Structures are given as C-alpha cells and as structure tokens.
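Work through the exercises below with the model open. Each task is followed by a stepwise solution.

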Amino acid sequence: MSDDILSAAFYVPKGGIAKTTSAAHIGVSGYQNHGHETVLIDLAGTQNDLATQFGLQDDVADPDIPISIVFSDKWDLLRDNADDIVDRMVYETDEGVDLIPADDGLSAEDNNLANVPLEDRYDRLESFIAEEIAPRYDLVLFDLPGKEDNITINGLHAAENVIAPLKPGAFELAQLENLEDELATIANDDDHDADPTLQLVFATMVDRTTNLSSEFADQLEADYPEISGSPVAESANISDGQSAGRTLFAFEDDELYNTGKRARKAYRELTDELLSRLKEN
Ligand SMILES: Nc1ncnc2c1ncn2[C@@H]1O[C@H](COP(=O)(O)OP(=O)(O)O)[C@@H](O)[C@H]1O
Ligand SMILES: [Mg+2]
C-alpha cells in the first residue's frame with residue numbers, strides 16, 4: 001500500500017450492523033475534525049446506501065465511470081486512454097467528503113474475478129488506490145459487502161486495516177473471533193503479501209437502558225482492550241438523518257436528541273482513535 005494515504009475497510013460478514021452508517025460518519029469526521037481530504041468507496045452492492053446517506057441516490061444512478069470497471073479486464077485500456085478518470089468517478093457530498101458509489105456491475109465483476117488467475121485476482125483495487133486515489137486524498141474508507149467475496153478480498157488487500165462495528169447480541173463476540181480467523185487466513189495466503197488486521201471494534205445501536213447493551217459494550221472492551229472504541233448510542237436521529245440525506249455532523253445541537261449528541265461524540269472519538277492508530281502503522 002502506498003505510504004501517503006490512510007486507508008481502512010468496514011467489514012463484518014453480516015448486514016444491518018451499521019457498517020455503512022459508520023463509514024459515513026467516520027469519513028465526515030475525518031474531513032471536518034482532522035482536515036483530511038477523504039473519499040468513501042462503496043463496494044457494498046447495489047443498494048447504494050452510502051449515496052443515500054448523503055442524499056445522492058438519484059445522482060449516482062448512472063455513473064460516467066463506475067467503480068466496477070476497476071475490477072474488469074477493460075480497466076488497463078481505460079486508464080491508459082481516458083483523462084480525469086477519478087473526476088469522472090467521484091461525487092461530491094454536502095459534508096466535505098467525496099463518494100465513489102457502488103454500481104450494478106459489481107456482482108458481475110465478482111463472478112468474473114473467479115476466472116482471473118489467483119495471483120492477479122485480489123490486487124486490482126489496491127493498484128487503483130495506489131495509482132489514482134493516493135495522489136489526491138489523505139484518507140480512503142471502503143464500505144465492503146456483508147460477505148466474503150472477491151470484491152471483499154480486494155478491499156481487504158487494498159485497506160489492510162479493518163474496522164468492525166458490532167450490534168449488541170449473544171453471538172456477536174463469537175462472530176468477531178470468526179472474523180479474526182478469516183483475516184488470518186487471508187494474511188496466510190502465499191500468493192499475496194496482504195496482512196489485513198483488525199484496528200477498531202465498537203458497539204453500535206447501544207441502548208443504555210438495557211443490560212444486554214451495557215454488558216456487551218463492557219465485554220467488548222474487556223476482550224479487545226487494545227482496539228475497542230467508544231460505543232455508539234442508538235438514536236432516531238441517525239435513521240431520520242439518513243432519510244434526509246445527512247449525517248449527525250450536519251445537524252445543529254438543538255436539532256438533536258441526547259442520544260444523537262452522544263452518537264455524534266462517539267463517532268468523533270472513534271475517528272480520533274482510528275486515525276491515530278493508522279498513523280502509528
Ligand atoms: N446508532 C444508530 N441508531 C439507530 N439506528 C441506527 C444506528 N446505526 C445504524 N442504524 C440503522 O440501522 C440500519 C442498518 O445500518 P447500516 O449502516 O445500513 O448497516 P450495514 O451497512 O451494516 O448493513 C439502518 O437503517 C440505519 O439507519
Ligand atoms: Mg451497508
């Protein structure tokens with residue numbers, strides 16, 4: 001990975017645990033609180049959740065150059081012949097971060113990658129980041145699919161730093177152990193030298209009034225003292241904000257419930273922790 005860009009991927013092989021929400025909030029905080037030029041890359045499929053989070057769902061329906069082409073055999077030709085490739089991929093949000101949205105071609109490219117020789121299968125995204133994104137941005141965050149596929153492994157190779165949000169629940173800690181095993185398997189692949197590592201884990205949608213939530217957050221902290229971060233409160237402000245196309249950082253204080261203010265503070269702290277850890281590496 002190039003030295004001059006910080007990168008991390010949101011990945012847990014599961015949906016509905018605030019991966020997309022967290023990618024958006026941590027990206028915006030990286031820009032607003034740390035002054036990092038930031039790009040969010042949505043590889044999580046065709047729902048285009050990240051675009052929705054920023055009110056861009058209609059704009060991204062037909063991108064000039066879709067991200068899926070980076071994974072295809074057509075990429076080298078395009079890169080060598082087109083100007084301003086990144087400008088043609090990126091959408092600006094109202095909150096300072098840039099977005100490269102998901103597109104309908106991703107699942108076909110996932111299938112096509114299965115026919116690419118193993119030694120070339122997983123480094124396409126990494127090359128794109130090094131060549132096209134690293135010269136322009138300080139921070140890149142990937143929103144990965146909620147399952148391990150060829151696109152996911154490309155994301156883990158490109159980012160190497162993994163962020164895992166977890167929803168309080170009985171089986172979530174066991175899932176985190178499975179995730180560590182999965183990352184270790186990818187790191188031990190002899191064809192590649194990628195070493196994806198968990199850098200940040202935190203509880204999301206935490207309801208302080210329930211024992212389950214509090215015990216879960218405490219257990220996570222006890223089991224992962226080095227990498228556990230601030231728990232994010234459950235707040236209607238998050239889902240209401242998504243419907244309105246904005247993150248908590250686009251609200252005035254008096255527009256937020258206490259839960260929303262706590263969640264926003266947690267995302268700010270998580271961003272501080274993530275960035276200091278990435279800069280140590
Ligand atoms: N802190 C939170 N409080 C309340 N709702 C949340 C919170 N975080 C996420 N959500 C909601 O939970 C749902 C799943 O979140 P999402 O980020 O899409 O998860 P994933 O990307 O892991 O599938 C969304 O409807 C989102 O609005
Ligand atoms: Mg998602």
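A pocket here is an open set of grid points, computed over the protein atoms alone, with protein on both sides within 12 Å along at least five of seven lines. A molecule sits in a pocket if more than half of its atoms lie within 2 Å of its grid points. The model is predicted.

**Exercise 1.** Identify the pocket that holds ligand 1, and the elements around it.

*Solution.*
- Step 1. Ligand 1 takes up the space of the largest pocket.
- Step 2. Look for elements giving two or more residues to the shell around ligand 1: these are H1 and helix H11 (236-243).
- Step 3. The shell has 15 residues, and Gly16, Thr20, Thr21, Ser235 and Gln242 come nearest.

**Exercise 2.** Find the distances from oxygen atoms of ligand 1 to the backbone of Gly16, Ile17 and Ala18.

*Solution.*
- Step 1. For Gly16, a backbone N or O atom lies 2.7 Å from a ligand 1 oxygen.
- Step 2. For Ile17, a polar backbone atom is 3.0 Å from an oxygen atom of ligand 1.
- Step 3. For Ala18, the corresponding distance is 2.9 Å.
- Step 4. Now the cover: on its own, ligand 1 has 550 Å² of accessible area, and the protein covers 78% of it.

**Exercise 3.** Locate His36 and decide: buried or exposed?

*Solution.*
- Step 1. His36 is in the loop between helix H1 (19-32) and strand S2 (38-42).
- Step 2. The cut-off for buried is under 20% relative accessible area.
- Step 3. His36 has 12% relative accessibility, so it counts as buried.
- Step 4. Leaving out residues up to four places away in sequence, His36 touches Leu6, Gly30, Tyr31, Asp138, Leu139, Leu275 and Lys279.

How values were computed: Residues are numbered from 1 along each chain as its sequence is written. Chains are lettered from A and ligands numbered from 1 in the order in which they are written. This is a predicted model: local features need pLDDT of at least 70, side-chain atom pairs count only at pLDDT 80 or more; totals for chains, interfaces and linings use all residues. Side-chain values use heavy atoms; hydrogens and water are left out. Helices (H or I, at least four residues) and strands (E, at least two) are DSSP runs, numbered from the N terminus. Buried means under 20% relative accessible area, exposed over 50%, partly exposed in between (1.4 Å probe, protein chains only). Contact means heavy atoms within 4.5 Å. A residue is near a molecule or strand if one of its heavy atoms lies within 4 Å of it. A polar contact is a pair of N or O atoms within 3.5 Å; within protein, one must be able to donate a hydrogen and the other to accept it, and residues adjacent in sequence count only if both atoms are side-chain atoms. Accessible areas come from the Shrake-Rupley method with a 1.4 Å probe; for residues, only the protein chains shown count as cover. On a 1 Å grid over the protein atoms alone, a cavity is a set of points where a 1.4 Å probe fits but cannot get out, and a pocket is an open set with protein on both sides within 12 Å along at least five of seven lines; lining residues have an atom within 4 Å of a point.
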